[in-house]
Amino acid sequence: AMSCLTAIDASDPLNAFVHKTPEIALEQARAADARIASGDAPAMCGIPLGIKDLFCTKGVPSQAASNILEGFKPEYESTVTTKLFDAGAVMLGKLNMDEFAMGSSNESSCYGNAVNPWRREGSDVALTPGGSSGGSAAAVAADLCLAATGTDTGGSIRQPAAFTGIVGIKPTYGRVSRWGVVAFASSLDQAGPMTKSVRDAAIMLGAMSGHDAKDSTSADMAVPDFEAALTGDIKGKVIGIPKEYRMEGMPAEIGALWDRGIEMMRDAGAVIRDISLPHTKYALPAYYVIAPAEASSNLARYDGVKYGHRAKLGPADGITELYEKTRAEGFGPEVQRRIMVGTYVLSAGFYDAYYNRARKVRALIKRDFEAVFADGVEAILTPATPSSAFGLGDMATASPVEMYLNDVFTVTVNLAGLPGVSVPVGLDAQGLPLGLQLIGRPWDEAGLLNHAYVLE
Ligand code: GLN
């Protein structure tokens, strides 16, 4: 813990940690030492972690990287952090992210963006660590902590993991409690580990998972020993290669990486099968209707009354002005855009045309996956992202839709509630990490991680 704290202080240019908690870290580290000395060391004992700012941590600023939660220190601890602390983990601080987890580059953060520790060969251009869990990815990749929590609504664990050469898994919806995690889109959000290796991901996921009476969508299912499942034996397992993910205009090196992953799995004895997920092309538009719709509803609670930022009012201002001014000042542009899109698609006149249609598309996407799993497919292999990390500021003049295109391979997994993992598999021609994604059957994180283990 001490050496991590020193490293964090020396790595300020990465802007990964937005709030450091050295006192808590040292106290937890001492408690961990005592547990180790007494011979009762649980899975995460003494492991220094960074916690995404989306998690409520008791008495510690938890702002979801938004000005609207300025000064907010929760009086309670999220279930995930409670479980990690019970398992002996040590919290070094809170990690940067896109505001309310909306974004793919960490540039919508009220703290300014985190920076990817990787550079293109022979270049000084600063790159995005991805988003929304960009601080988590940067911190793990730069060895500022051993692992970090992330959350994934449409790819926010898997895309930053791919951009920084680490492992990130989004579990099956309901595997990990959402209690105390600031809500973005409640039917899509899941927390998961971001780690240096598949084994670390298996250990940390085990510590984070399990039923929680405080989250009615958390499943009452046994948590398997994910680490014990890492045998590397995938002989005879059927791996699906979905033809719809071979997108037009995909960079040649992404295609080559995918082919390399296919070879690795075949060499390990898997059976490679071409499959079709016909509704894939509707996933991105459906996601960008459903996620903003849920966000607009979830974000209605930030009104300047209960917590966080409150606008200064003039003598003639009333409650309406309190709401309007607080929200105009507190939410950044991307969050305001999502609220406007969300309220529009939920409005009486457009509900059927947008929200209801997106829900039907979502059901079809889920059915596509169910059909291939019913047909014997064990896991599905795709690229994690359509490119390697892009430059910070590159998207400044682009339309928001260009940023949304980053999520083309990842949002299907959230819409279908499935587990998905991003594994670093190689470097591009400029020396930047690239990741592949494996999508698993519901509740089969154990099998999924074992398949990922083969790619690592
Ligand atoms: N980039 C996606 C979005 O902005 C996904 C974000 C996430 O998974 N939290 O909605």
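Residues are numbered from 1 along each chain as its sequence is written. Because the model is predicted, local features need pLDDT of at least 70 and side-chain atom pairs count only at pLDDT 80 or more, while totals for chains, interfaces and linings use all residues.

**Annotated regions**

An unreviewed UniProt entry lists residues 3-449 under "domain: Amidase"; such positions are given in the numbering used here, feature names are shortened, and annotations may be inferred rather than shown by experiment. Over residues 3-449 the chain is 35% helix and 14% strand, and the end C-alpha atoms lie 30 Å apart. Helices (H or I, at least four residues) and strands (E, at least two) are DSSP runs, numbered from the N terminus.

Under "active site", the unreviewed UniProt entry lists K52, S132 and S156. They span 105 residues in sequence, yet no two of their C-alpha atoms are more than 11.2 Å apart, so they gather at one spot. S132 sits in the loop between β3 (90-95) and α4 (134-141).

**Ligand surroundings**

The ligand is surrounded by 13 residues, of which the closest are A101, S104, T153, G154 and S156. A residue counts as near if its C-beta atom, placed from the backbone, lies within 6 Å of the molecule. The shell has four nonpolar, seven polar and two charged residues. In this classification Ala, Val, Leu, Ile, Met, Phe, Trp, Tyr, Cys and Pro are nonpolar, Asp, Glu, Lys and Arg are charged, and the others, Gly among them, are polar.

**Helix contacts**

Axes are lines fitted to C-alpha atoms, for helices over the stretch in contact, and angles run from 0 to 180 degrees between N-to-C directions.

| Helix pair | Axis distance | Angle |
|---|---|---|
| α6 (residues 198-208) and α14 (residues 445-455) | within 9 Å | roughly 165° |
| α8 (residues 283-298) and α11 (residues 352-374) | 9 Å | about 125° |

α6 and α14 are therefore roughly antiparallel to each other (angles over 145 degrees). Their contact is made by V198, A201, A202 and L205 of α6 and E445, L449, A452 and Y453 of α14; two residues are in contact if their C-beta atoms, placed from the backbone, lie within 7 Å. These residues divide into seven nonpolar, no polar and one charged.

On α8 the contact uses A283, A286, V289, I290 and A293, and on α11 Y354, Y355, A358, V361, R362 and I365. Ten of the contact residues are nonpolar, none polar and one charged.

Note on methods. Parallel < 35°, antiparallel > 145°, perpendicular 65-115°, else oblique.
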